[in-house]
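Come and look along with me.

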Amino acid sequence: MRLICGPMATISHPVFRILLEQFGGCDEYFTEMINAGTLLTGGQFESYYINPAPVPQKIVWQLTGHDEGHMVEAARRLVELPGIGLDLNMGCSAPDIYKYGAGISWMLKDIEETRQMVRGVRAVVPQGKRLSVKLRLGDDNFTDDGFFSFTDMLVGEGVELLTLHPRTKKEKLVRPPRYEYCQQLAERYKGRVSVYLNGNVKDKPSFENAVAACPDVEGVMISRAAVQKPWIFRELVGEAALREPQGVVRSANSTSFLRKLANITTIDMLQLALEYIKNIQLYQPPEFWKTRLQRFFTYYAQNFMFSHYAQTQFINAHDIPDLENRLNDFFEKCPEERFQSIIDF
């Protein structure tokens with residue numbers, strides 16, 4: 001079973017991948033959405049979006065946009081970069097993305113318009129690079145016939161992997177995902193197309209539940225839970241199953257927050273946070289520092305008993321020195337929160 005880190009805006013960048021790799025990493029990393037139009041016009045921050053560090057061989061470039069021509073030309077550029085391949089986002093249902101004509105809009109447009117876009121992208125993806133689509137079930141009034149007709153079209157146009165988040169456009173995370181659709185896709189295209197499951201996997205019990213419900217899927221994608229617990233992939237399969245990728249360059253103190261004794265690894269949560277802040281300054285432009293740190297620390301704070309207090313303190317920091325001071329102050333007040341342990345299998 002392959003383990004995949006899903007695409008998340010303001011999170012799926014090199015700094016987060018470096019953090020996950022220090023715990024053993026996963027099999028694939030989807031990037032945050034890359035806007036086709038902005039990539040083509042040479043936006044000033046695009047070089048940061050297409051930095052594949054620290055494991056270029058594990059990268060999947062996720063592309064979004066509303067215009068067929070832009071999608072094809074942007075795909076042509078992205079597949080020249082290192083990585084596993086290209087993913088077309090047809091699942092994002094955020095209002096600004098949907099209204100723009102991107103994301104899940106491609107599932108709701110005339111199917112021939114979407115077919116032409118996929119066909120055009122397929123034509124520029126070279127042999128040896130994978131073309132995939134991340135999608136949902138569709139609008140709230142979707143039907144099985146309509147959904148499977150759509151996925152049949154994707155497969156017929158050469159899509160090699162489908163990642164399904166089995167909820168509709170408006171369904172929130174509180175609604176249980178309909179895993180049966182992931183299994184039906186896997187059965188429908190068995191031996192032809194790979195299927196990944198996405199949704200509600202946050203620990204070992206939920207992982208085992210998802211795999212039991214969908215025994216024929218080839219991978220499980222985890223997103224938000226990996227931000228809160230960057231060690232989650234290691235918890236699911238054990239340290240021994242996570243191989244060290246070749247070519248990863250790490251600083252001498254890059255794992256300073258990890259201490260191992262016998263089969264227990266202790267994590268210094270303060271040092272983890274301080275190293276993350278340091279790497280944000282190394283790998284992201286100053287204009288991005290605030291939003292990326294706020295998003296990360298929103299999830300990071302959920303590890304603690306006083307999570308609401310911690311989150312309020314961290315995300316309201318005025319600048320990086322203030323954030324570092326607030327972190328030190330939190331762990332001085334709550335020393336019992338500083339160290340967490342992983343049991344290695």
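Entry 1, the model. I noted that this is a predicted model, where local features need pLDDT of at least 70, side-chain atom pairs count only at pLDDT 80 or more, and totals for chains, interfaces and linings use all residues. Residues are numbered from 1 along each chain as its sequence is written, and side-chain values use heavy atoms, with hydrogens and water left out.

I looked up the largest pocket and found about 1,400 Å³ of space. A pocket is an open set of points on a 1 Å grid over the protein atoms alone, where a 1.4 Å probe fits, with protein on both sides within 12 Å along at least five of seven lines; lining residues have an atom within 4 Å of a point. The volume is the space filled by probe spheres set on the points, which are joined across faces, edges and corners.

The largest share, four residues, comes from α5 (helices are DSSP runs of H or I, at least four residues; strands are E, at least two).

Entry 4, strand β1. Residues 2-5 form β1, which pairs with β9 in the parallel sense over four bridges; pairing takes at least two DSSP bridges. Ile4 has Met221 as its bridge partner in β9. With β2, β1 pairs in the parallel sense over two bridges, and Cys5 stands opposite Tyr29.
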